[in-house]
Amino acid sequence: AVDGVDGTGYAAVGGDDEHSRGLLLNLGNGGLQAQINAGHTESGDGNDDARFDLDSVSASLRLIDEGSLTAGIFAGQDERDSEGFPDDSGGPRLATNRELTDRTSTDRRYGADLRLGDSDDLQLKLKASVFDREARDDNAAIDAGLRFPVPAFVSDTDFQRRDIALSVNRNLRTGASLVAGAELADEDGQLDSVGDFFGSGSPQTLNFSLERETTAVFLEGRFPLLSGLTGQLGLRHDRVDEGDSSDSETTPHLGLVWVLPDNATTLKANYNEGFKPPSFFALGFPLGGNPALDPERSRNVDLTVSRRIDAAGSALQLSVFKTHYEDLVDFDSDTFMNINRGTIVIQGVEPELTLRIGRRWHVQANASLLDIDERDGLQPLRNRPERTAAANLSHDFEGGHTAFIGLSYSGDFLDRSNPTGDIRLSSFTVVNAAGSLRFGALRVSLGIDNLFDEDHEQFVGFPAQDRRLRFELRGEF
């Protein structure tokens with residue numbers, strides 16, 4: 001716990017007119033702790049194809065009792081202002097209409113939490129929070145190509161979500177633990193859009209409003225079964241009320257964790273079911289929104305084996321999984337509307353390696369190898385590469401200096417835009433490098449994004465970040 005005042009300040013510059021600065025303050029007086037965080041980030045300018053500005057501020061205050069009480073309040077705000085070519089327009093490379101979309105938004109969040117009791121025995125947790133968004137999007141038109149044209153329109157969003165969660169955790173002398181709780185989420189939003197949506201030559205106003213309440217109760221247990229073998233059992237019931245309609249689902253979780261006698265190898269097996277109502281924008285966005293969407297449902301089974309290689313933290317892990325999705329929400333380019341998909345099955349293998357070589361060298365590598373089977377006969381899922389991988393190497397020098405190099409790989413994947421229709425984007429590999437020098441309380445960092453200036457696109461017509469140099473100065477006090 002902080003006793004007095006300390007903090008961190010930073011300032012950074014980089015290519016593409018990137019600038020950022022911020023300050024973090026920690027204040028403490030015994031059991032009363034406070035934190036204040038403020039930052040500004042911007043990139044691009046009025047002559048660029050894209051511009052982004054973000055101002056963030058947050059604060060928290062916590063009461064920490066040496067006995068069994070912890071309580072806190074928090075608040076924060078993010079203000080964003082950005083310009084860029086609209087999605088599916090073909091971006092800077094292909095868009096025929098060179099007007100940019102302008103988006104502004106203000107997100108506010110605040111709340112409180114309370115914890116009573118002993119984590120080793122009986123503990124009660126209570127948390128309440130509010131999220132509020134006000135946004136205005138001035139959307140540029142997208143000219144027709146191989147797909148429907150999209151008119152220019154302006155949308156104003158006012159959305160609020162209120163959450164409260166209560167849980168009770170009990171640890172038993174047998175080594176078992178039980179958690180029971182309830183959650184309530186209350187959402188209401190208004191989306192007003194003005195544009196010539198029907199091609200009549202004069203603008204129309206489209207309005208969408210949402211009032212939705214989601215309640216949930218859950219029970220989870222963890223039980224020792226045999227030596228090294230632990231079972232997990234959970235049950236959750238969700239009920240969604242929206243206007244005169246309601247939907248509910250009960251979803252289980254089953255799991256086993258087996259630590260083998262060598263204490264270096266762990267086997268895990270899990271079965272989960274999921275339930276997720278469609279988002280506010282999937283329901284009500286003026287172009288493609290569908291108020292008749294059903295909740296998404298899923299079933300997942302996964303098996304994981306992990307092996308600790310040495311006492312320094314080196315480890316090898318391999319996971320295999322299979323997930324069935326029903327009613328997945330996706331945009332259908334043929335009907336130009338969000339729809340519920342049929343059965344989609346995604347199965348895959350995910351290896352992961354962590355190496356600690358001596359006291360200074362660190363290696364991490366992981367990959368994801370997927371097979372995506374769209375059994376509903378509709379278009380393939382967008383922006384879902386079936387092959388991805390990442391690896392990095394870092395070194396800690398004496399005196400707190402560091403060096404890092406990492407690469408990320410993405411296999412080819414489907415995307416679409418008005419100028420091109422459906423198109424597969426090529427695979428790419430990006431290498432990033434960074435290093436830092438520490439001088440007492442001051443740290444100087446230098447980074448290079450896309451070290452070898454790989455020419456690639458993650459979205460049709462939107463060239464990804466080219467080689468960029470970044471410099472940061474960070475000080476502690």
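Figure 1. Val 130 touches Arg 108, Arg 109, Tyr 110, Gln 160, Arg 161 and Arg 162, leaving aside residues up to four places away in sequence; contact means heavy atoms within 4.5 Å. Val 130 belongs to strand β7 (residues 122–139), strands being DSSP runs (E, at least two residues) numbered from the N terminus. Val 130 is buried, at 16% relative accessible area; buried means under 20%, exposed over 50% and partly exposed in between (1.4 Å probe, protein chains only). Between Val 130 and Arg 109 there are 5.4 Å in space, C-alpha to C-alpha, and the two are 21 residues apart in sequence.

Figure 2. β1 (residues 4–14) and β2 (residues 18–29) pair in the antiparallel sense over 11 bridges; pairing requires at least two DSSP bridges between two strands. Gly 9 stands opposite Leu 23 in β2. The hairpin of β1 and β2 has 3 residues between the strands, and Asp 16 in the turn has a positive phi of about 60°. β2 also pairs with β3 (residues 32–43) in the antiparallel sense, over 11 bridges, with Arg 21 opposite His 40 in β3. The hairpin of β2 and β3 has 2 residues between the strands, and Gly 30 in the turn has a positive phi of about 70°.

**Note on the model.** Residues are numbered from 1 along each chain as its sequence is written, and side-chain values use heavy atoms, without hydrogens or water. The model is predicted: local features need pLDDT of at least 70, side-chain atom pairs count only at pLDDT 80 or more, and totals for chains, interfaces and linings use all residues.

Definitions and conventions: Helix = DSSP H or I, 4+ residues; strand = E, 2+ residues; numbered from the N terminus.
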